[in-house]
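Subject: Handover of a structure and notes on its helices

Dear colleague,

Please find below the structure that I am passing on to you.

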Amino acid sequence: MSAITTDVFYLNGRGSVAQEPESLRRIPGNRAVWVGIFAELTEFAMFFIIYFIAKAHYPQEFEQGPLKLNTLAGTLNTVALISSSYFVAKAMFAIRQNRPRDSVRWLWGALLAGLAYLAIKTWEYQWNVSMGIHSDTNSFYTLYYYMTFNHLLHVGWASGTLLWAIFRVKQGVYNAENHSGMMAIACYWHMVDLAWIIIFPLLYVLR
Amino acid sequence: MSAAESKTIAGQGGESLPPAKKRWNKLDITWAVLMVVTLLNAFVAETADPHLLITFVICLSIAYKGRLVIDNFMELYNANKTIRSFMRSYFYVFPVLIFLADVFSAQIAWFTTIN
């Protein structure tokens, strides 16, 4: 306890979030969610490796492909996901400070950002169709749809877990003393954000 | 530190502390930096022609953004070492692979062609 004081703990989010004693050398959330997170990351890793191979075989398709995609939609999706991750982190901070109302507000913010992602992605898919971009147009777009739709599904069910967290905080089940379940949900949500951090440049930026 | 001690600390009220939401904190700054890097990525997507240097910069930005989310949002900076190492290495390995895939694309195509 020598290096960690209550003040330092409450600096979490202001000073250094890394000084949160609860997470010191411990598994955030629970073991089960980390099995899930690593399984999901392995799945995305497979997509990325397939992307490398396909790009090596069809360099022209992968050079031209990103130019025809809607970069604005991809950027807005990134903004929505990073913001939602931030809101979830703020919700964790609030619940540790025994401010459940604030925590619920931040969780609603995260959920709305997740829903905004889903709405933007739907608009983007419709825009693609209007521009003649389909999953069988070429190998780049096949991968684009495969990766982004798979990711969209993850955002969808992770949004459901945020709704569950809101319900549990309102019930008083998650509070300052007990919030490991909420931390597990937060970690899963951050994983979904992390996957998009790689997908966005692969599909929209790099050629 | 035991879990019980952590819970004790977590359970102590924050009445004596200044309101956290009134000032910029590490989470806010992390979010702002991530936004700036994302917008720079979008700018590159719209303006830059393909080049290895661009690929290198984008790979750096992926690694940096991943590290920020893992350390600050996911709070793994001081958490379980195995989990932290795996998560961080994901964002070392894939940016490097993205760059190498660009450099050695001809070799990858040759190696993965079924004759």
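**Chain B**

Of the 115 residues of chain B, 35% count as buried, a residue being buried if 20 or more other C-beta atoms, placed from the backbone, lie within 10 Å of its own, exposed if 12 or fewer, and partly exposed in between. This is a predicted model, in which local features need pLDDT of at least 70 and side-chain atom pairs count only at pLDDT 80 or more, while totals for chains, interfaces and linings use all residues. Residues are numbered from 1 along each chain as its sequence is written, and chains are lettered from A and ligands numbered from 1 in the order in which they are written.

Chain B contains 5 helices and 0 strands, where helices (H or I, at least four residues) and strands (E, at least two) are DSSP runs numbered from the N terminus.

H2(A) has 27 residues and spans 40 Å from its first C-alpha to its last, close to the 39 Å expected at 1.5 Å a residue; the expected span is 1.5 Å times one less than the number of residues.

The axes of H2 (residues 31-57) and H7 (residues 180-205) of chain A come within 10 Å and cross at roughly 10°. Axes are lines fitted to C-alpha atoms, for helices over the stretch in contact, and angles run from 0 to 180 degrees between N-to-C directions. H2(A) and H7(A) are therefore roughly parallel to each other (angles under 35 degrees count as roughly parallel, over 145 as roughly antiparallel, 65 to 115 as roughly perpendicular and the rest as oblique).

Residues are in contact if their C-beta atoms, placed from the backbone, lie within 7 Å. Among those making the helix contact are A:Ile37 and A:Phe44 of H2(A) and A:Tyr188 and A:Met191 of H7(A).

A:Ile37 is buried, with 22 other C-beta atoms within 10 Å. Not counting residues up to four places away in sequence, A:Ile37 touches A:Cys187, A:Tyr188 and A:Met191.

**The nonpolar core**

The largest nonpolar core has 86 residues, and A:Ala110 and A:Tyr188 have the most contacts inside it. Such a core is a set of buried Ala, Val, Leu, Ile, Met, Phe, Trp, Tyr and Cys residues joined through C-beta atoms within 7 Å. H7(A) gives the most to this core, with 21 residues. Leaving aside neighbours within four places in sequence, A:Ala110 is in contact with residues including A:Phe87, A:Leu162 and A:Trp189.

Yours sincerely

How values were computed
Two residues are in contact if their C-beta atoms, placed from the backbone, lie within 7 Å.
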